[in-house]
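Open the model in your viewer and keep the selection tool at hand. The stops below say what to select next and what is there.

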Amino acid sequence: PLPIRSYNPMIWTHRFPKNIGGYKTISDKSHYGCCVCIASAGYALEGITAVCVDKDDNIAINMYRNGTVRTPKCTLSAETTYPTKGAVRYTLTNTAGKFAVSLRIPAWSVHTSLYVNNEIVDAKAGTYATIDREWKDGDTITLSLEMTLRMIHPQDFVKESEVTNRIAIMRGPVVFAIDGTGDEEPTFAPVELRELMASGLS
């Protein structure tokens, strides 16, 4: 498995091009992980790949945020506070005919609920949930992603002691971090990890 920072969901879950990013082995048998989207490059790609429309006007939703997408077959409007909360609601207007809407279900969202109007739709973690149907004005798509806290441990190939003795805490797509770029060590109130995980930061 690759380091989590080399994973790029903005390019259909693949590193692109394949000769950059990810796990690299150096001649002395050491390694490093390099991200694909560095700083502002990631923001530029988000606008290109957050929602994709193919030649048949089928829609693929890769990233969740407020906004409106207009195609020849519909206007799709999103309302959400993601990633603060895991709920996303889409409303379709100006609809014309049959087409598919595919939503990316992150691998970390094991318990996901997805509805079209009041009808449940199967949503499996780590895949796209595709809804292919005749749409009408006022139809809604309601997605709820699991946003519980989880611990991420270093990959097995990481041997450095300063890494192997640490974990990352994530909630949904967000990695909790402390800014250690200053001259002084950051200070924070100690917390019991079991209590933090139980709270879910809801």
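Select D132 and K98: their side chains meet in a salt bridge, with N to O at 3.0 Å. The two residues lie in distant parts of the chain, 34 residues apart, with D132 in strand β11 and K98 in strand β8. D132 is partly exposed, because its relative accessibility is 47%. K98 is partly exposed as well, at 43%. The model is a predicted one, and it holds four salt bridges.

**Stop two: a network around D139**

Now select D139, R133 and K136. The side chain of D139 meets that of R133 in a salt bridge of 3.8 Å, N to O. K136 also forms a salt bridge with D139, and here the closest N and O atoms are 3.1 Å apart. Through these shared partners, R133, K136 and D139 join into one network. Is D139 buried or exposed? D139 has a relative accessible area of 1%, so it counts as buried. K136, in contrast, is partly exposed, with a relative accessible area of 49%.

**Stop three: the largest nonpolar core**

Next, select Y64, Y90, L103 and I141. These are the residues with the most contacts inside the largest nonpolar core, which has 26 residues. Colour the strands to see where the core comes from: the elements that give two or more residues to it include β4 (59-61), β6 (74-80), β7 (87-93) and β12 (140-144). β8 gives the largest share, four residues. In soluble globular proteins, nonpolar side chains tend to be buried together.

Stay on Y90 and show what surrounds it. Leaving out residues up to four places away in sequence, Y90 touches I61, Y64, L76, S77, A78, L103, D139, T140 and I141.

**Stop four: T75 in strand β6**

Move to T75, which is found in strand β6. T75 counts as buried because its relative accessibility is 10%, and buried means under 20%. Its side chain makes a polar contact with the side chain of N94, at 3.1 Å. Beyond its neighbours within four places in sequence, T75 is in contact with residues including T68, V69, R70 and T91.

Finish by selecting C52 and C74. C52 is buried, with a relative accessible area of 18%. C74 is buried too, at 1%. How many disulfides are there? The count comes to zero.

Definitions and conventions. Residues are numbered from 1 along each chain as its sequence is written. This is a predicted model: local features need pLDDT of at least 70, side-chain atom pairs count only at pLDDT 80 or more; totals for chains, interfaces and linings use all residues. Side-chain values use heavy atoms; hydrogens and water are left out. A disulfide is a pair of cysteine sulfur atoms within 2.5 Å. Buried means under 20% relative accessible area, exposed over 50%, partly exposed in between (1.4 Å probe, protein chains only). A nonpolar core is a set of buried Ala, Val, Leu, Ile, Met, Phe, Trp, Tyr and Cys residues joined through side-chain atoms within 4.5 Å. Contact means heavy atoms within 4.5 Å. A polar contact is a pair of N or O atoms within 3.5 Å; within protein, one must be able to donate a hydrogen and the other to accept it, and residues adjacent in sequence count only if both atoms are side-chain atoms.
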